[in-house]
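Welcome, and please open your viewer. Have the selection tool ready, and we will go from stop to stop together.

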Amino acid sequence: MNNRTDSLSTMEKVRKGIAKRRSAERRFRFYGLTGIVLGLVFVLILFISIIGKGYGAFQQTQIALDIEFLESVIDPNQTRDSKVISRADYNSLIRKSLTKVFPEVKGRRQIRDLNRMISSGAMFQLRDRVLEDPSVIGRSQRVWLLASDDYDMLMKGHIERSVPESERRLKDHQVAWVDKLLEQGLIKKRFNTFFFTAGDSRAPEMAGIRGALMGSMYTLFVTLVLSFPIGAATAVYLEEFAPTNKWTDLIEVNINNLAAVPSIVFGLLGLAMFINFFGLPRSAPLVGGLVLTLMTLPTIIIAGRAALKSVPPSIREAALGMGASKLQTVFHHVLPLALPGMLTGTIIGMAQALGETAPLLMIGMVAFIVDIPKGIFDSATVLPVQIYLWADSPERAFVERTSAAIMVLLAFLISMNAVAVFLRKRFERRW
């Protein structure tokens with residue numbers, strides 16, 4: 001009887017233990033699912049916030065004016081001399097056209113406010129129009145010109161019409177001018193091509209990301225050309241050829257430590273070595289690429305060694321058994337099988353480099369640069385630094401451009417990570 005009671009007691013304890021363990025497993029799954037859902041919610045909130053603030057930058061308010069390209073302002077006999085054409089007083093043509101649209105505007109202050117309706121960069125639009133087609137000289141042509149940032153903010157609803165005039169950046173008569181242009185169909189929001197084709201500018205309506213985008217491309221090109229061959233060769237040597245001794249152990253430990261070093265330290269190293277010691281040009285994509293190469297090499301080496309380790313030893317043994325040398329075994333059999341994993345690690349390292357700001361600030365790529373870089377030796381900035389500069393600007397219009405630039409940067413990062421996932425899924429082998 002006692003044995004039966006003890007047996008029932010033991011079974012009851014086992015059942016309670018199993019129930020407790022299953023309950024713990026359910027709680028663990030619930031906590032894990034809750035963490036994933038919360039992470040997705042926070043990411044979604046971040047994306048909604050960025051898109052909500054930045055989508056307006058892809059549209060820009062423009063005003064249509066009938067511009068008379070007067071020969072008295074633009075000499076038709078000097079069309080071959082771009083410098084002479086560039087020095088023409090295009091602002092006078094804009095002022096004359098505005099006066100025809102608003103003949104009732106009198107007084108120095110109101111005329112000054114009227115002229116400020118058009119962006120200060122509109123003169124460059126007219127200059128480019130003349131340089132592209134000199135035949136417009138002497139004729140009248142309707143041209144869509146950029147509105148200044150305050151009028152653009154009004155059109156996009158960021159300046160409330162209902163608030164008192166003293167609390168608005170635009171006065172009542174300026175709002176009335178916009179309403180008149182709307183009635184005549186002379187003002188509208190159009191796709192902002194300047195955002196993708198122009199460099200940086202003090203005027204928000206003229207600012208674009210092309211200069212930063214090209215700087216990022218040149219910098220990443222230098223980084224890829226240097227980091228992938230060096231990282232892959234280092235990984236192959238350490239994993240396949242290097243003897244096991246204290247020196248290789250020291251190298252491995254330091255590579256792992258370098259992967260955890262703050263990125264700004266690499267910027268200080270680049271400033272001290274590449275600029276101060278070797279005298280390379282400041283703010284150049286070449287120096288930025290060298291600094292980012294130092295930063296991404298540990299990631300590529302670690303990923304490369306992991307990919308080489310994933311190749312089964314039987315592959316090596318079979319190749320050696322068939323008479324292949326050590327070098328042939330590695331480069332003809334092991335490396336091709338490990339290459340997809342190495343490429344995946346390289347792309348992830350490049351995506352990390354694309355989003356870096358701190359090391360590039362240390363080597364001077366934070367400068368205000370209007371011109372589009374033509375090569376790796378020209379002064380340039382990169383997309384994360386451009387975002388940093390715009391975020392520090394006081395104008396409300398730069399808030400849109402900051403968020404829009406973040407959207408472009410995220411699109412590049414997501415694309416690069418998607419390529420890495422595709423390569424892993426497409427070429428990865430399971431042994």
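Buried means under 20% relative accessible area, exposed means over 50%, and partly exposed covers what lies in between. Keep in mind on this tour that the model is predicted.

Start by selecting Asp-89 and Arg-95, which form a salt bridge with the closest N and O atoms 3.9 Å apart. Asp-89 has a relative accessibility of 39%, so it counts as partly exposed. Arg-95 is partly exposed too, at 36%.

Next, show helix H4 (residues 108-115) together with helix H7 (residues 172-184): their axes are 11 Å apart and they pack at about 50 degrees. The two helices are therefore oblique to each other, and H4 passes H7 in a right-handed crossing. To see the contact, select Gln-110, Asp-113 and Leu-114 in H4, which meet His-173, Gln-174 and Trp-177 in H7. This contact is made up of two nonpolar, three polar and one charged residue.

Now pick Asp-150 and Arg-169, whose side chains meet in a salt bridge at 2.8 Å, N to O. Asp-150 sits in helix H6 (residues 149-155) and Arg-169 in the loop between H6 and H7, so the pair ties together parts 19 residues apart in sequence.

Then move to Arg-305 and Glu-252, another salt bridge, at 3.1 Å from N to O. Arg-305 belongs to helix H12 (residues 285-309) and Glu-252 to helix H10 (residues 246-258), 53 residues apart. Arg-305 is buried at 14%, while Glu-252 is partly exposed at 25%.

For the last stop, select Asp-152, Lys-156 and Glu-400, which are linked in a network of salt bridges. The whole structure holds 14 salt bridges.

Note on methods: Residues are numbered from 1 along each chain as its sequence is written. This is a predicted model: local features need pLDDT of at least 70, side-chain atom pairs count only at pLDDT 80 or more; totals for chains, interfaces and linings use all residues. Side-chain values use heavy atoms; hydrogens and water are left out. Axes are lines fitted to C-alpha atoms, for helices over the stretch in contact, and angles run from 0 to 180 degrees between N-to-C directions. Helices (H or I, at least four residues) and strands (E, at least two) are DSSP runs, numbered from the N terminus. Angles under 35 degrees count as roughly parallel, over 145 as roughly antiparallel, 65 to 115 as roughly perpendicular and the rest as oblique. A crossing is left-handed if the near helix is turned anticlockwise from the far one by less than a right angle, and right-handed if clockwise. Contact means heavy atoms within 4.5 Å. Ala, Val, Leu, Ile, Met, Phe, Trp, Tyr, Cys and Pro count as nonpolar, Asp, Glu, Lys and Arg as charged, and the others, Gly among them, as polar. A salt bridge is a side-chain nitrogen of Lys or Arg within 4 Å of a carboxyl oxygen of Asp or Glu. Buried means under 20% relative accessible area, exposed over 50%, partly exposed in between (1.4 Å probe, protein chains only).
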